[in-house]
Amino acid sequence: MRNSIQTMDVMSMKTKAAGHKETKKVTDIPEGYITSEEFADIFEQKLLAAYENL
């Protein structure tokens, strides 16, 4: 088997990677799903309720 070496242009990789950035907005969340902030609030409430019952 023969070894082959590939060379890459680092500068072109950086410009391509920078162009593919996508930011998710709250409006991109499908219906029926919640945001991470809403999940954290609900989770905190459930934890506090569970500890009150101990």
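Q: Where is the place of L54?
A: In this predicted model, L54 sits in the segment after α2, helices being DSSP runs of H or I with at least four residues, and strands runs of E with at least two, numbered from the N terminus.

Q: Is L54 buried or exposed?
A: L54 has a relative accessible area of 81% and is therefore exposed; buried means under 20%, exposed over 50% and partly exposed in between, with a 1.4 Å probe and protein chains only.

Q: Which residues make the nonpolar surface patch with L54?
A: I34, F39, I42, F43, L47, Y51 and L54 make this patch of about 790 Å², where patch residues have over 30% relative accessible area and no salt bridge, and nonpolar side chains are joined within 5 Å, like charges within 9 Å. A salt bridge is a side-chain nitrogen of Lys or Arg within 4 Å of a carboxyl oxygen of Asp or Glu.

Q: How many aromatic pairs does the structure hold?
A: The structure holds one aromatic pair. The ring centres of F39 and F43 are 5.9 Å apart and their planes lie at 15 degrees, so the pair is stacked; rings pair if their centres lie within 6.5 Å, and planes under 30 degrees apart count as stacked, over 60 as edge-to-face and the rest as tilted.

Q: And where do F39 and F43 lie?
A: Both lie in helix α2 (residues 36-52), four residues apart, about one turn of the helix. F39 is partly exposed at 49% relative accessibility, and F43 is partly exposed at 46%.

Q: Changing topic, which residues form the negative patch?
A: E37, E38, D41 and E44 form it, with Asp and Glu counted as negative. D41 lies in helix α2 and is partly exposed at 45%.

Q: What about the whole chain, how many helices and strands?
A: The chain has two helices and zero strands, and 2% of its 54 residues count as buried.

Q: How are residues numbered, and which pLDDT values apply?
A: Residues are numbered from 1 along each chain as its sequence is written. Local features need pLDDT of at least 70, side-chain atom pairs count only at pLDDT 80 or more, totals for chains, interfaces and linings use all residues, and side-chain values use heavy atoms, leaving out hydrogens and water.

Methods. Rings of Phe, Tyr and Trp (its six-membered ring) pair if their centres lie within 6.5 Å; planes under 30 degrees apart count as stacked, over 60 as edge-to-face and the rest as tilted. Accessible areas come from the Shrake-Rupley method with a 1.4 Å probe; for residues, only the protein chains shown count as cover. The place of a charge is taken as NZ of Lys, CZ of Arg, CG of Asp or CD of Glu.
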